[in-house]
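Reader: I have a model open and would like to learn how to read it. Can you take me through the features one by one?

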Amino acid sequence: MKKFSWVFHLLLSIYSLFFAAPLIWMALSAFKGNDEIFDKPFSLPHSYNFKVFLDAWSVGGLSKYFINSALITGISTLVVLLSASLAAFAFSRFDFKGSKQLLMLFMIGLLLPIQSYFISQNKLFEYLHLKDHKLSLVIPYVGLGIPLATWLFKAYLDSLPKELFEAARVDGGSDFAMYRYVAAPLLKPGIATVAVFTALGTWNEFLLAMIYIQNESYKTIPIGLLTFSSRYSTDYQLLFAALTVITIPMIIIYIAFNRQIVAGLTEGSLK
Amino acid sequence: MKPSSRWTPYLFIAPALFFFAFAVLLPMVGTVFASFFQWDGFHEPIFVGFRNYGRALQDTIFLQSFWHVGIYVIATIFLEVAIGLILAGIVTSRKGFNSYRIALFIPVLLPTVVISVLWRFVFNADFGLIKGFLDAIGKPEWNHVWLGDKRFALLAICFVSGWIYAGFYLAIFYAGLQRVPKEITEAAAIDGAKSWKIFWKIKVPMIRRVWEVSLLICITGGIQGFDLFYIMTNGGPYYATEVPTTYMVRSVFRDGEVGFGSSLAVIVTSAVLIIGFIYSKVRAKSAEAVEY
């Protein structure tokens, strides 16, 4: 097997080249003028001027989109973590009437595609004047994240020994104290997973953001970038710079937390 | 365990239930309801029974959209799941390949909009990376307006989808393969089995549950596909890349056909749920397979 490892290396290298080429091309093209982009696609740029990133960031309005995305992602993730962990705690630890049926209801949400409800959700939000506000997207994103979050939290809590909670009860702990001081601290690994998929899902969500936000100053990165790309449709350098400016920080965060991020995005499908 | 008072469990569930019922359950019921009406979203809805469904089943663009999404699903089973499995086999075959696994996951976390805009440039017939490559190998005549050509647009999207998600399935298969007990593969190796044989005959069957789930995600996720199609081609050229969801969005938000669009939504949702249901039945039958 050892002697064939060069074949593996070769295959992987070819695949990696195919994989990395667009990303490298993107980053290099951000430093090239339109002439250079057209005539010398593979050459290194003849100069490196980082001002183009600043242009994309401030003139192009990416900073505004970034702040909106950060705000909506932060709030949605916190609300999902809190409400899903509370619900999961009740489902996992308490006997109460209707718990099976209520849990079933949440589990239906695991199967439902967004297509099954976004048309009426749009009408409902229109009717209640919930569209086109700074925080419009929080409610749909929380609704989107809750089923899987509840289910994962419940799985974590189910795996904890019940003696932990019985001991707390004997010590006179209230229901909420048990959540706060026993369950919540032990949920830490689950919190990382749920936070990652909720935050990334929210950060990248496109369809609902497109339907609900028309106001330029409330747009998130995905729809903001689309606006950006049609407004500056021939300023290729600026567009490449915008793509790069969004991508690079995400890659850096990913490299730092790759374990948690991969787990966050794959665990839901493995369980 | 018994709660300290009868109503605390409901209090714990209330916030989650509120958001979920308000944002998902209620609108879902609303969509099914709306599908029986002719409604432009503003005027009085007119009850039409199953007429929207009848119209949907005779709508050639809608039927074609299922054909397109079928091609997409089959292509991505190869480009995403199969390539992900092969990559996982290579990456786990020896130490030192881990950085590949970490790098290939990057597109999974980037916004689809970023990837779609980037790949629109890659496919650009005037300055795209593919044009540059064809020029470099001396075959400029092979260049096409990839995304504007009915013959290539759908395949181009499948290709991009593979570029994104092969790393995702690689991560999933990697996690599964890590859990195959070393003793089994080592025993086979001592018996003289070649490493590719160990992979296909022992490891792959042992992670059956992992690739079954992967196939399910690939199929049901594919049927729901939207972002890539909408941003790269918006269903064009000449409806060549129209998929159910892009057509649904077009019907509701451009043509103002809320009722008709809702019936399309119900059909697509049913397709996803039926496939999920069949899958769980088939899985129950094969439950004796080793669980991972």
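Predicted model: local features only at pLDDT ≥ 70, side-chain atom pairs only at ≥ 80, totals over all residues.

Reader: Now the two chains. How do I read an interface?

Author: The size of an interface is often given as the accessible area lost when the parts come together. The contact takes 74 residues from chain A and 71 residues from chain B. On the side of chain A, the largest share is ten residues, from helix 1 (residues 5-29) of chain A. That side of chain A divides into 51 nonpolar, 18 polar and five charged residues.

Reader: And how do I describe two packed helices?

Author: Two packed helices are described by the angle between their axes and the distance between the axes. Take a pair across the chains. The axes of helix 6 (residues 118-127) of chain A and helix 1 (residues 8-34) of chain B come within 7 Å and cross at roughly 105°. Helix 6 of chain A is therefore roughly perpendicular to helix 1 of chain B.

Reader: Which residues of helix 6 of chain A and helix 1 of chain B make the contact?

Author: From helix 6 of chain A, they are A:Ile119, A:Ser120, A:Gln121 and A:Leu124. Helix 1 of chain B brings B:Ala23, B:Leu26, B:Pro27, B:Gly30, B:Thr31 and B:Ala34. The classes are six nonpolar, four polar and no charged. Buried residues in helix 6 of chain A include A:Ile119, A:Ser120 and A:Gln121.

Reader: Is A:His129 buried or exposed?

Author: A:His129 counts as exposed, because it has 9 C-beta neighbours inside 10 Å, and the cut-off for exposed is 12 or fewer. A:His129 lies in the loop between helix 6 and helix 7 (138-158) of chain A. Check its backbone too. Phi of A:His129 is near 55°, a positive value in a residue other than glycine.

Reader: Over to chain B. What should I note for the whole chain?

Author: Chain B has 14 helices and two strands. Its C-alpha atoms fill a box of roughly 75 × 75 × 35 Å along the principal axes. Of its 292 residues, 44% count as buried.

Reader: Can we read a helix pair within chain B?

Author: Helix 3 (residues 60-93) and helix 11 (residues 208-223) of chain B pack at about 145°, with axes 9 Å apart. The crossing is right-handed. Among the residues that meet are B:Tyr72 and B:Glu80 in helix 3 of chain B, and B:Trp211 and B:Cys218 in helix 11 of chain B. The contact divides into eleven nonpolar, three polar and one charged.

Reader: Where is B:Pro237 found?

Author: B:Pro237 is in the loop between helix 12 (227-232) and helix 13 (244-254) of chain B. The peptide bond from B:Gly236 to B:Pro237 is cis, with omega near -10°. B:Tyr238 is found in the loop between helix 12 and helix 13 of chain B. B:Tyr238 has a positive phi of about 50°, although it is not a glycine. B:Tyr238 is exposed, with 10 other C-beta atoms within 10 Å.

Notes
Residues numbered from 1 in each chain as written. Chains lettered and ligands numbered in written order. Contact = placed C-beta atoms within 7 Å. Helix = DSSP H or I, 4+ residues; strand = E, 2+ residues; numbered from the N terminus. Nonpolar A, V, L, I, M, F, W, Y, C, P; charged D, E, K, R; others polar. Buried ≥ 20, exposed ≤ 12 C-beta atoms within 10 Å, placed from the backbone. Axes fitted to C-alpha atoms, helices over the stretch in contact; angles between N-to-C directions. Parallel < 35°, antiparallel > 145°, perpendicular 65-115°, else oblique. Left-handed = near helix turned anticlockwise from the far one by under 90°.
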